[in-house]
Structure formats: structure tokens, C-alpha cells
Amino acid sequence: MSSFSGKNAVRQTLVLLALLLVIGGSIAWTAYWLTKNRATSPKPDIWLYCTECSQVYQPENRLGGEHPRACDKCREKAAWFAMQCSDCGEVFPLSPETDENGKVIRPKPLCPNCRSGNSEMYHLSGKTSLGKGAEE
Ligand SMILES: [Zn+2]
Ligand SMILES: [Zn+2]
């Protein structure tokens, strides 16, 4: 009797263990999947140029209120959309050109390097969508 019930208990334990493994495995898989999904979720497709720390980077959040917005790196309110000159490749901030009174002369600045007006939102190679969405 005791040996029989003992075997039975072992079998039950094994079944329980197998069940736990299956459940644990699926939980682990789900967690892995979620993590992986989060890890590969794209960062905002905008780039900022900080005139304080001169860094060009993708911000943590797509929306950051009025420009210049607070820089993710140095916390100064000096981050503008990053632009790239189509002619010479210069990367510069999309800060409006103003006259001495602070009046905006040119909302979209000229290239500071070659004074070309041909520029587009900075992006990594391969992505060419200028996207109105970046103007939010
Ligand atoms: Zn900065
Ligand atoms: Zn240029």
C-alpha cells in the first residue's frame, strides 16, 4: 500500500512538474517575446540637434513640445530638429533665422556651411521620408 501510493505520489509530482514546466515555459516565452518586441520597437523617426551639447540623436519621446525642446542629453532647452544639407551633407539645427529684433526671417535656415537652401530632415541612410509628421 505504502509503496503503491508512494509511486503514485511520484507520478503525480512528475505530472505536476511537467505542468509547471509548460506553464513556466509559456510565461517565460511570453515575457521574452514582450521584451524582444519592446527592444525592437523603433525609436521616433526624428532626430534632434542640440545647440548646447552639439549632439545629434533620436529623442526618447517623439513629442517634446515647443522648439527648442529640452535636450535628452544635457537638459538644456536647445534641441531642434536636425537638418541635413542635400548639397554638402552638413548637419545643422532647424532653428529659425531671426534678425536682430528676434523677428523670424527664414523659418527654415540655410546651410551654415554652403548657404544652400536644399536641406531635409536629418535621417539615417535609407530613410528618405521627410514626413509632415515630424513637424508636430
Ligand atoms: Zn544638449
Ligand atoms: Zn551645405
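Arg115 counts as exposed, with 11 C-beta neighbours inside 10 Å; a residue is exposed if 12 or fewer other C-beta atoms, placed from the backbone, lie within 10 Å of its own, buried if 20 or more do, and partly exposed in between. The model is predicted: local features need pLDDT of at least 70 and side-chain atom pairs count only at pLDDT 80 or more, while totals for chains, interfaces and linings use all residues. Residues are numbered from 1 along each chain as its sequence is written, chains are lettered from A, and ligands are numbered from 1 in the order in which they are written.

Arg115 lies in the loop between strand S7 (104-106) and strand S8 (119-121); strands are DSSP runs (E, at least two residues) numbered from the N terminus. The phi of Arg115 is positive, about 60°, although the residue is not a glycine. Ser54, in the loop between S1 and S2, also has a positive phi, near 60°. Ser54 is exposed, with 12 other C-beta atoms within 10 Å. Most residues other than glycine have a negative phi, and most peptide bonds are trans.

A cis peptide bond, with omega about 0°, joins His67 and Pro68. Pro68 is placed in the loop between strand S2 (56-57) and strand S3 (69-70).

Definitions and conventions
Helix = DSSP H or I, 4+ residues; strand = E, 2+ residues; numbered from the N terminus.
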